[in-house]
Number of protein chains: 2
Amino acid sequence: MPKQVDHEQRRVQIAEALQRLTTRAGLEGVSLRQVAAEAGMSMGSVQHYFKTKDEMLRYALEHRHKLRSERITAKVLAEGPPTPRSILRACLVEILPRDPDSEGDFLIGVAYFIRAVADPAMAKAFGEGMPELLAFFADQVRQAQEAGDVPASADPETEASVLWAIADSQGSEILMGHRTPAEAVATVDYYLDRLFSG
Amino acid sequence: MPKQVDHEQRRVQIAEALQRLTTRAGLEGVSLRQVAAEAGMSMGSVQHYFKTKDEMLRYALEHRHKLRSERITAKVLAEGPPTPRSILRACLVEILPRDPDSEGDFLIGVAYFIRAVADPAMAKAFGEGMPELLAFFADQVRQAQEAGDVPASADPETEASVLWAIADSQGSEILMGHRTPAEAVATVDYYLDRLFSG
DNA sequence: TGTTTTACAATGCGGTCGCATCGTAACGGT
DNA sequence: ACCGTTACGATGCGACCGCATTGTAAAACA
């Protein structure tokens with residue numbers, strides 16, 4: 001068969017160009033042409049690897065999910081002796097936009113959220129990564145409960161939602177410049193303090 | 001002078017058409033033509049009242065702020081004897097998208113958020129309504145503290161952020177169909193339970 | 001009544017969009 | 001060497017966008 005090209009690598013290349021564009025310029029309204037230019041290839045090439053724009057966006061979303069997961073687990077493992085609390089803190093802080101990288105990641109999340117609102121298929125894809133993250137959070141809370149660090153009255157699943165809510169919402173506030181990363185981290189710590197008061 | 005028309009009423013008419021469209025079709029990508037059609041007037045007419053699209057969006061944003069404030073205060077006053085807790089609950093539930101109306105309101109908020117991310121001027125306008133809402137929340141928490149219903153250790157300002165975060169994030173989850181309004185309300189109640197445990 | 005200002009409809013312009021099509025260059029298998 | 005497939009660049013189509021312009025009807029003032 002013909003010219004052998006690593007499809008996966010090409011797709012990643014495109015996805016990362018998309019991510020860079022999304023971070024830099026804005027988020028909605030990035031066009032295929034822009035993505036192609038940013039990736040240093042022709043539009044036809046992009047089309048070759050992704051039949052439609054949606055397909056490209058969906059792939060980039062999965063790529064992002066993977067990267068984020070890797071980043072978080074790396075962060076968690078890097079934190080000396082991991083306790084449920086330190087793990088949760090690391091996750092939440094990692095989610096917040098604190099630098100261009102994490103800001104880009106957060107922005108991509110927002111971009112997909114927007115699409116997801118109008119497009120149920122995208123909402124499904126977008127929400128796929130959520131349950132396991134929430135389950136992971138809930139599990140940490142449960143472990144802390146068993147260790148007596150979190151009151152038994154707390155509901156792990158709901159606490160997981162609240163934790164996510166804080167990171168999610170504070171992240172948006174940071175993006176809009178209504179809050180600084182430091183303030184957001186302080187809020188996270190505040191809440192963890194209150195939660196871990198068993 | 002000539003044909004006297006109530007400008008404010010016309011603008012409201014347009015803003016509400018925009019809101020309806022945003023609710024129904026999606027949120028980003030509503031065009032001036034669509035808005036005009038929805039409002040039952042010509043595009044030239046819309047242009048007459050708003051020189052640019054941004055101007056229209058900005059006006060509609062303020063309109064929304066006003067409506068939401070009115071809606072919330074009405075809701076609070078309607079709740080028999082208002083306690084800080086019932087007030088907070090009413091506010092949070094009111095923010096959540098529970099029916100087409102509140103869903104539209106929430107969607108508009110999302111639409112503006114999106115614009116706000118890329119457009120600092122919009123971010124400013126969008127964030128203008130926030131501090132007073134947060135201050136109001138914080139004030140309720142403080143009052144509850146003085147009444148001994150909320151632990152003195154709680155920080156009213158941060159709690160206000162957390163409360164907002166819950167409504168904000170849960171609202172998004174509802175929009176995407178990842179959560180039902182009932183579940184979101186349960187989360188709100190759960191958190192209020194934990195907060196009001198003085 | 002005539003003039004002036006406002007309200008609005010119609011239309012067009014330049015631009016961009018996603019997507020389809022087509023031609024061709026590069027390579028692997030036979 | 002040839003053939004079939006793949007990679008990808010070039011180009012164009014139809015639709016839509018925001019915005020500007022133009023023309024006209026109507027109403028308040030003189």
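## Helices 9 and 10 of chain A

Helix 9 of chain A goes past helix 10 of chain A in a right-handed crossing (the near helix is turned clockwise from the far one by less than a right angle). This is a predicted model, where local features need pLDDT of at least 70, side-chain atom pairs count only at pLDDT 80 or more, and totals for chains, interfaces and linings use all residues. Residues are numbered from 1 along each chain as its sequence is written, with chains lettered from A in the order in which they are written.

The axes of helix 9 and helix 10 of chain A sit 9 Å apart, at an angle of about 165°. The two helices of chain A are therefore roughly antiparallel (angles over 145 degrees). Axes here are lines fitted to C-alpha atoms over the stretch in contact, and angles run from 0 to 180 degrees between N-to-C directions. Helices are DSSP runs of H or I, at least four residues, numbered from the N terminus.

## Chain A against chain B

Each chain puts 33 residues into the contact: 33 from chain A and 33 from chain B. On the chain A side, helix 9 gives the largest share, 11 residues.

How values were computed
Two residues are in contact if their C-beta atoms, placed from the backbone, lie within 7 Å. Angles under 35 degrees count as roughly parallel, over 145 as roughly antiparallel, 65 to 115 as roughly perpendicular and the rest as oblique.
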